[in-house]
Amino acid sequence: MSYQARSGRLGQLVSLNLLHAPLMVISILLGLVGVMVLYSVAGGDFAPWAWRHAVRLAVGFLLMYAIANLDLRTLFNLAYPIFGGIFLLLVAVEVFGDTNMGAQRWLDLGFVTIQPSEFMRFALIMALARYYHTLHRDDVSQPFGLLVPLAMIGVPSLLVLGQPDLGTALMLAASGLGVVFLAGVSMRYFIGGIIAAVAAVPVGWNYLRDYQKERVLVFLDPERDPLGAGYHIIQSKIGIGSGGLFGKGLAQGTQSQLKFLPERHTDFVFAIYAEELGFVGSFLLIFMFALLIFLMFSIANQMRHRFSQLMIAGFGFALSIYVIVNLAMVMGLAPVVGVPLPFISYGGTSLLTFMAGIGVILAMERQPLADLPK
Amino acid sequence: MALYDTEEQGFSRRLVLLGSLQAGLFTVLAGRLQFLQIARSDVYATLAEANRVNISQISAIRGRITDRNGKLLADNDRNFQIRMVPERVADIDATLRDLAHILKLSPAEVFNIRRKIARGPSFKPVVILEDLSWDDFSRFNLDLPYLSGVEPVVGQKRVYPDAHSVAHLVGFVGAKTREDLQRVGRIVGDNVGRSGVERDYENDLRGTPGVRHVEVNAVGRTVRELQSDPGEKGRDLSLSIDLDLQKYANERLKGHSGSVVVMDIHSGELVSMVSAPSFDLNMLSRGIDVTEWEKLVDHERKPLVNKSMRGLYAPGSTFKMLVALAALEDKLIEPDERIDCTGVFGFANEEFHCWRSEGHGEMNMVDALERSCDTYFYHLALRVGINRIEAMAKRFGFGEVTGIDLDGEKGGTVPGRDWKRANYDSGWRSGETIITAIGQGYLLTTPLQLAVMTASLANGGKLVTPRITRITEAEAPATELALKPEHLAVVQRGMYRAVNRPDGTAYGSSLLINGARMSGKTGTVQVRRISKDERLNGVIPNSKLDWHLRDHSLFVGYVPHNKPRYAVSVVIEHGGGGAQVAAPIARDIMVQLLRKTQAEPERELAAEQADEARL
């Protein structure tokens, strides 16, 4: 692969075949898997989820393609303004947000409701990448070099936590810390941080809402409340396990079709997928995610700019923790936290931000040698 | 443009570090997937199936109970119910409020429903209303808005077309209890036989429960029926009872407290078994409130008790046949030997009175049976002794249950020397033998035992086992009593004369249907002690005594006299003299029976007269 910038003639769109094909193909394939599962969840019906997911996937593709056309400098220049804008939206949610299921997450803009916390993940990674791009290497582990990123991560995370949305807040913080780690901050801080976090667990426990405490307790022992909070985990495991090697076939999953599975079209969508397509299909899906993340890391490794390296690898890391936490939760390895499965769970904001992220990676991968200010 | 070579290596190292961590976690996920979908797949498949398929057992249609002619005694009917499954109701209070409004339930009914909900397991349906008319049921079906957990159900209920006359025999079904589960084992459905044939033949009547597999969704709503096995209907049971006769006997006992038993003397089949007063089976089957129940339980005349097999009475003079047989068997008296009755019999400073205070004069055995002379049997008692009397009573089945195919039968008491020693810790006195010989004292028997005894006297000395259900094969368990026919003939002659001769105690109750007459023996049992003063001033007649102080009135007999077929025993508690109350009842019932069964043409008068001479 050359490091020559691939671009069309001035004023024209970049041809699709100039973009990193595997990355694009795998993300769209994952989105199509989402359409298929959502079609199946509805009992073999495009309504009410699958067709919307398909439309969003199409919109997401256009968004991705549009972003892939952007000049790397434009992206670089937009990093802080986007972060600032999304941050203001988060504050707006705090003030005006709709309350849905006890949490303020959505902002109703009149024609569309958006979930700023989802966009924040994307904006945060980009802003951090932008920050480290200019920060001198020697300052990375210096107090000032540490405090700014921590504030960039901490303030939005605390805002999201206050919505309250523990899952998204943790994801956001983890994604940001991933970038900090990749930027080369001294290992001592991470080891110290982990020790401090473990020590803080008993204190933090008291700040958890009752339903969150219950989720953790039930995760440790699902039989604690088999018809209540443990129900999700138990039914989800039954769904996955009963799929066996080849699954029950599309729209044939009894656990989902008979509505034993909760959140079938959102957080627990993998349980339906696994029930209906079995071990073979599930393994393939996990492999696709792993491949996607591997591709991102290898692209990141080929980048020359800090901005691109950290943005691509940071985004890949964020994607991986979403996938890992969601699958672990659905398979009963982690407590139930509201984390969707990227590209597949029903939810516009989630799908669009991941597609936009792919678009950014495509743009960066296309322009490895573009001039960036230091 | 800036290149950071050294930093580049640092970034790559961190990438590899992070990538390895992710690879490790993905491996864990894949391993978990393998564990769930391959290693434990069958376990989860079973769990998914258990989720999906709701297997419920449905009780089979209960067998019907008929009389010997196929007339229905217990039948099934549809029971339109509104039920509620507590665990499927989100808000029980709100649902009950809605139901109370729609179904117009009284606060008391709501209270009872609440109690039932609190008591039972939450998956068990609670009946909100039942026995609805079809109109109401369909109306409520329309009116009931969608209330989750509330379901209209067409159940089965037991109906008894003739609720009173067969109450003690057929019994009733009711809500099962813990005790029932221990007795019958697993019970599908709500009801179980609680008494009588319904209880004792539960396993026959119940049938094999069916199984219904339905696919249900997460809230338990049935999505579709997968397969259904309706089970096997319970066995229809035919009783030996003749409903017409039973109804008649029941009617005839109206106002009395007592029992009538009519038995086939060869097969032991009970053609009629009535205990009075009776009760309304349908009322008990539906479930009655506590006050109604207590009224039945505490009633002076014990309507719930089947007196035919659970009532214990001294047999009185109906016992004399056995004393006579005991004497004849050991040649302690010749049938022709005459004993003088003066009305009083003195023994060991005690006076024993004949029921006829002026005495009967010279009596032989047949005379003594015909006129129920007590004095004759006082003499006989001393010759025979308690040991022989006890042995003979036991041979005829007294002191033991008869073995009828109904639970709860009592065995009664046959006193003797050992018995007295064991129960009273004292020796037997000869005066007690004298009392026992006329069927009083410690002797206690059930009306059913008396019928069995009479059957044995009439059928040539076979002790049969009474049965309430129809015996199809000819096997009627019977014990040969090894009595000499000539001895039985003496007793039979005495019984014939007691009913059919002007001097007989039951002459007023003689009958003649198509040449068939009745033979029998009256019994009057004192339940109070008559003092010396009272004897001097004249014994107070029963009509002037309180009900519970009056004599028990008994009669045993059989028809036809010359070719016996049916035995009857009638016991009327505190009815008065056997001849006055029990015998006429027995006659009327036998008349009904003979009219039904003796379709033979009127016999020749000559044959009739020949019989007269012979007996």
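Predicted model: local features only at pLDDT ≥ 70, side-chain atom pairs only at ≥ 80, totals over all residues.
**The interface**

Chain B brings 37 residues into contact with 58 residues of chain A. The size of an interface is often given as the accessible area lost when the parts come together. Between chain B and chain A the buried area is about 4,100 Å², and carbon and sulfur atoms give 70% of that area. Polar contact across the interface amounts to 10 residue pairs, counted where both residues are at pLDDT 80 or more.

On the side of chain B that touches chain A, at least two residues each come from α1 (5-39), α2 (41-52) and β8 (210-216) of chain B. Of the elements of chain B, α1(B) gives the most to this side, with 21 residues. The residues of this side divide by class as follows.

| Class, side of chain B that touches chain A | Number |
|---|---|
| Nonpolar | 23 residues |
| Polar | 8 residues |

**A helix of chain A**

Helix α5 of chain A covers residues 143-161, 19 residues in total. From its first C-alpha to its last, α5(A) reaches 25 Å, close to the 27 Å expected at 1.5 Å a residue. The buried residues of α5(A) include A:Leu146, A:Met152, A:Ile153, A:Leu159 and A:Val160; A:Gly145, A:Pro149, A:Pro156 and A:Ser157 are buried as well. What do the buried residues of α5(A) pack against? Their partners are α3 (72-96), α4 (116-134), α6 (166-182) and α7 (187-205) of chain A.

Methods: Residues numbered from 1 in each chain as written. Chains lettered and ligands numbered in written order. Heavy atoms only, no water. Contact = heavy atoms within 4.5 Å. Buried area = accessible area lost by both parts, 1.4 Å probe. Polar contact = N/O pair within 3.5 Å; in protein donor to acceptor, adjacent residues only side chain to side chain. Helix = DSSP H or I, 4+ residues; strand = E, 2+ residues; numbered from the N terminus. Nonpolar A, V, L, I, M, F, W, Y, C, P; charged D, E, K, R; others polar. Expected span 1.5 Å × (residues − 1). Buried < 20%, exposed > 50% of the residue type's maximum accessible area, 1.4 Å probe, protein only.
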